[in-house]
Amino acid sequence: MKIAKTLSILGIAVAGIALAGCRAGGENQGLEYAPQMYHSVAYEPLTQIVDSETKGNLISTREDGKGEYFNSNINNPHHMNMREPVANTVPRNKQGYLPYRYKAFEVEEAGAAMKNPIKLNDEVLAEGKRLFGLYCTPCHGTSGEGDGKVGEIIGGVANLKGGAYVGLSEGHIYHVITKGKGRMGAHGSQITPENRWKIVHYVKQELQGGQNADNAVAVADADQDVTQVETPAN
Ligand code: HEC
């Protein structure tokens with residue numbers, strides 16, 4: 001009787017210690033039971049391996065002969081993992097923008113054709129201000145007058161509050177952000193289209209006092225085809 005009791009207490013203690021060992025946390029990731037059930041085998045999107053022997057299904061070599069990655073998809077034409085877009089279609093980003101088609105020198109055309117598709121409100125302005133602070137103030141300065149620290153060194157930075165700059169169209173500013181101009185580099189690859197338009201709102205409304213601003217509310221409501229506008233083509 002005594003032995004049985006001792007054994008059972010011992011058993012519980014051993015089980016407890018064993019279970020405590022299952023805990024994960026901190027740097028200890030613990031042990032995962034049947035990890036394949038949690039981590040599904042991913043297709044490698046940019047590979048396309050056609051291997052008639054294995055049908056391209058299994059490519060990594062393991063001793064048990066089971067590969068781990070699918071590097072081609074036998075259900076797709078040419079065993080591609082990514083399908084090609086349907087003929088004569090153009091990819092859009094998640095917001096529905098088409099690729100940006102204007103060349104850097106086509107600033108006049110871009111400036112005349114594009115309207116700000118983002119509805120103007122306080123939130124957008126605040127975000128525009130933040131983004132302007134991130135991307136533009138080094139050269140154009142917080143005030144936009146071209147007196148940023150980098151601007152002091154490279155010189156010739158446009159004073160966004162001065163002269164003809166005040167009347168620039170929103171599309172023009174957008175184009176300059178996207179493609180750059182003169183010594184101002186292109187920012188199309190760093191800033192998403194939405195964020196560029198927000199910066200444009202901020203420049204127009206706060207720095208340039210709304211002169212020649214798009215009537216953004218009306219534009220957005222008038223079902224403007226934002227998709228005609230863009231995404232960076234780079
Ligand atoms: C590396 C410095 C630099 C940065 C960063 C920079 N700019 Fe500029 N920007 C310039 C310079 C220099 C010019 C004058 C270009 C010229 O006409 O040769 C200019 C000109 C402009 C113009 C006038 C374009 C025209 O048609 O003459 C606008 C508008 C403008 N910048 C907006 C912005 C905005 C908005 C940002 C932030 C997204 C920005 N810039 C970031 C240096 C910069």
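The shell around the ligand comprises 16 nonpolar, five polar and two charged residues; here Ala, Val, Leu, Ile, Met, Phe, Trp, Tyr, Cys and Pro count as nonpolar, Asp, Glu, Lys and Arg as charged, and the others, Gly among them, as polar. The model is predicted: local features need pLDDT of at least 70, side-chain atom pairs count only at pLDDT 80 or more, and totals for chains, interfaces and linings use all residues. Residues are numbered from 1 along each chain as its sequence is written.

The ligand is surrounded by 23 residues, of which C136, C139, A158, G182 and M184 are the closest (near: C-beta atom, placed from the backbone, within 6 Å of the molecule). Two or more shell residues come from each of α5 (137–140), α7 (170–179) and α8 (193–207); helices are DSSP runs of H or I, at least four residues, numbered from the N terminus.

The largest nonpolar core has 23 residues, and F132, I173, Y174, I177, I199, V200 and V203 touch the most other members. Such a core is a set of buried Ala, Val, Leu, Ile, Met, Phe, Trp, Tyr and Cys residues joined through C-beta atoms within 7 Å; buried means that 20 or more other C-beta atoms lie within 10 Å of the residue's own, all placed from the backbone. The largest share of this core, six residues, is supplied by α8.

In α8, 11 of the 15 residues are buried, including W197, I199 and V203. G209, which follows α8, has a positive phi, near 60°.

How values were computed
A residue is buried if 20 or more other C-beta atoms lie within 10 Å of its own, exposed if 12 or fewer, and partly exposed in between; C-beta atoms are placed from the backbone.
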